[in-house]
Amino acid sequence: MAYTEEELKKELETKEYEYGFYTDIESDTFPKGLNEEVVIALSKKKEEPDWMTQWRLEAFRGWKEMTEPEWANIRYKKPDFQDISYYSAPNKKPKYNSLDEVDPELLDTFKRLGISLDEQKKLAGVAVDIVMDSVSVATTFKKTLAEKGIIFCSISEAIKEHPELVKKYIGSVVPQKDNFYAALNSAVFSDGSFCYIPKGVRCPMELSTYFRINQAGTGQFERTLVVADEGSYVSYLEGCTAPSRDENQLHAAVVELIALDDAEIKYSTVQNWFPGDKEGKGGVYNFVTKRGICERNAKISWTQVETGSAITWKYPSCILKGDNSIGEFYSIAVTNNFQQADTGTKMIHLGKNTKSTIISKGISAGKSQNSYRGLVQVNSRAENARNFSQCDSLLMGNECGAHTFPYIEVKNKTAQIEHEATTSKIGEDQIFYCNQRGIDTEKAIALIVNGFSKEVLNKLPMEFAVEAQKLLEISLEGSVG
Amino acid sequence: MLKIKDLHATVDGKKILKGVNLEVNPGEIHAIMGPNGSGKSTLASVIAGNEDFEITKGSVVFEGEDLEDDSPEERAHKGIFLSFQYPVEIPGVSVTNFMKTAINESRKARGMEDMPANQMLKLIREKSELLDIDRKFLSRSINEGFSGGEKKRNEIFQMAMLEPKLAILDETDSGLDIDALRIVANGVNKLKSKDNAVIVITHYQRLLEYIIPDKVHVIHDGKIVKSGSKELALELEEKGYDWLKQETVA
């Protein structure tokens with residue numbers, strides 16, 4: 001690799017990261033509780049067509065019959081689903097024509113997030129659709145995207161404006177009754193993003209959405225649907241930060257990706273929900289279902305940096321349906337204090353010559369538990385399927401745990417499956433070496449952790465990689481005594 | 001600059017240093033020689049503040065301040081640099097990134113802003129040219145897969161970048177072939193000034209052909225048993241350490 005001056009310069013650039021604040025905006029909130037009336041009211045409130053209401057009800061009826069899964073390596077007090085409000089939206093929600101019309105407090109929040117619309121507009125190549133407490137408030141760069149025929153809007157808007165697309169694809173990868181949390185999401189999803197890239201179009205910018213939980217006691221149920229039509233390409237970013245809270249907040253999102261023939265979707269996430277305090281109090285419960293389907297020659301690549309949440313239950317997966325399709329999963333999961341993460345991926349090889357790569361980096365500190373759980377499944381018809389998995393764990397201190405649960409199911413003899421796993425501890429000699437160069441222990445650990453995670457950080461778009469690095473640092477603060 | 005008085009130190013309860021006295025002034029190069037296990041490397045570690053070692057008696061004073069309560073990073077911020085005998089690997093952390101972090105942490109400790117990227121770039125360019133270091137080398141993970149010579153050269157590059165007041169080279173010559181040795185020694189000589197000082201710890205006289213010391217000390221059984229000019233090193237090479245052991249016993 002050539003190491004040009006330009007690359008050197010890039011590496012030297014620094015950027016500050018800020019997080020953790022709360023914005024007081026008047027909200028329109030449903031009373032707590034969940035039943036068919038609430039589902040119908042929610043759908044009405046969002047002015048949805050009848051087919052959508054029926055779809056939600058079907059999901060709700062399914063959910064009622066289901067029980068929460070208990071196989072994950074996590075321990076927590078189950079949420080009381082009747083003690084949650086299923087809808088909360090900023091009160092003032094006219095369609096803004098200019099930034100001047102937007103609630104100044106909201107603008108301030110954006111600024112502190114480092115994503116003020118002002119800046120974003122200037123920031124070349126990034127369009128931001130901001131979901132704040134469930135309702136999409138602002139969308140930028142729509143025009144540029146529209147010229148290419150790209151649709152990037154809130155899912156609520158898509159249900160109204162592009163019902164044929166939503167109807168065709170919603171639930172096609174993650175069915176309504178796929179699992180307990182997916183069913184709950186299908187019944188009560190509040191908002192989320194929708195993205196459609198037409199045939200042969202290469203999306204000219206990174207699409208990004210920032211989700212935030214900002215109303216005490218409101219669960220967030222985001223629904224994201226990304227459809228890349230034949231031969232198209234899109235890179236989609238999703239980042240989350242959440243202000244500190246006392247009570248547990250439930251987050252049960254569903255993300256569906258559809259990559260049609262020869263299409264490619266790159267989906268990157270930085271997740272930083274409130275992890276709970278040092279005593280393990282509070283924190284977000286993050287139960288997410290993310291799945292993508294690849295048609296012929298298609299490619300889906302998931303990259304995630306998970307630093308937040310008290311509990312993470314998340315397995316971004318790929319169904320490699322089409323021949324020659326490719327699935328990738330790159331993950332960094334950090335747990336500190338009392339956090340618990342059970343995360344990984346599923347690669348389902350159905351088509352011939354399908355390939356998948358899994359790189360998982362787990363970092364555990366404090367009293368946390370960090371589990372990788374992955375399934376590589378090769379179907380009997382999937383000739384010449386290949387998988388490479390690498391799971392590395394880094395431990396800090398003596399009270400945390402790292403676990404690896406790799407499942408491999410192969411029904412075709414031509415498959416080639418490789419699995420590598422390592423576990424290491426940060427060495428005192430490494431820390432002293434850094435100390436001697438003037439780097440204190442906390443910073444030294446951040447450096448070592450960033451180095452450990454580099455293979456995955458490199459997969460993130462530049463802007464995100466910098467933020468993710470800062471986040472790793474913040475997440476591990478105070479993890480050495 | 002550095003005043004070590006009657007220094008006693010132990011590791012895991014075992015006495016290693018048993019009363020070391022040493023004074024180093026700005027502009028000087030001191031060589032510390034001695035057989036294996038005599039306490040050379042321990043002395044280096046103690047000056048750098050490695051917490052594996054316990055000072056049981058005596059003091060290390062740097063520029064008039066007792067270092068006793070200073071952490072290793074605080075000592076580094078004051079301008080003490082240790083070139084490690086066995087530099088450790090830090091996977092995924094490039095030499096560039098490591099240096100950037102080290103320099104900015106020291107600046108932060110002095111209440112300064114981060115070094116602007118273009119200035120850092122200039123510094124890297126200057127120092128890598130000075131030490132004849134290929135830029136590609138700087139993008140590699142620190143010490144990972146480095147040859148012995150590369151590791152030592154990297155240590156000297158870091159020294160050049162950090163511009164310490166006192167540099168301690170702990171067996172920098174071990175494992176180096178003659179070409180690598182010459183490059184490393186050249187680097188040290190180029191960085192030498194009237195304001196900084198160098199302590200060269202070595203087993204052999206070889207390195208001292210290239211880095212000419214002002215003073216040579218011989219350490220044996222935790223004590224400096226003989227000090228002299230650069231000729232002492234030659235004498236040692238010729239007669240071996242046994243000569244000294246006999247002399248001290250006598």
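The contact between the chains takes 34 residues from chain B and 25 residues from chain A. Contact here has a cut-off: two residues count if their C-beta atoms, placed from the backbone, lie within 7 Å. On the side of chain B that touches chain A, helix 3 gives the most, with 7 residues. By class, that side has 16 nonpolar, 12 polar and 6 charged residues. Nonpolar covers Ala, Val, Leu, Ile, Met, Phe, Trp, Tyr, Cys and Pro; charged covers Asp, Glu, Lys and Arg; the others, Gly among them, are polar.

Quick housekeeping. This is a predicted model: local features need pLDDT of at least 70, side-chain atom pairs count only at pLDDT 80 or more, and totals for chains, interfaces and linings use all residues. Residues are numbered from 1 along each chain as its sequence is written, while chains are lettered from A and ligands numbered from 1 in the order in which they are written. Helices (H or I, at least four residues) and strands (E, at least two) are DSSP runs, numbered from the N terminus.

Next, a helix pair in chain B. The axes of helix 4 and helix 6 of chain B come within 10 Å and cross at roughly 135°. Axes are lines fitted to C-alpha atoms, for helices over the stretch in contact, and angles run from 0 to 180 degrees between N-to-C directions. Helix 4 of chain B brings B:L123, B:K127, B:S128 and B:L130 to the contact, and helix 6 of chain B brings B:F157, B:A160 and B:M161. That makes 5 nonpolar, 1 polar and 1 charged residues.

Over to chain A. How many residues of helix 9 of chain A are buried? The count is 8 of the 9, so this helix, residues 180–188, is largely enclosed by the rest of the structure. Buried means 20 or more other C-beta atoms within 10 Å of the residue's own; exposed means 12 or fewer; partly exposed is in between. The buried residues of helix 9 of chain A include A:Y181, A:L184 and A:N185. They pack against helix 2, helix 3, strand 8, strand 11 and strand 13 of chain A.

Last stop, B:E54. This residue is found in strand 4 of chain B, residues 53–62. B:E54 is partly exposed, with 13 other C-beta atoms within 10 Å. Leaving aside neighbours within four places in sequence, B:E54 is in contact with B:A9 and B:T10. The C-alpha atoms of B:E54 and B:L123 are separated by 37 Å.
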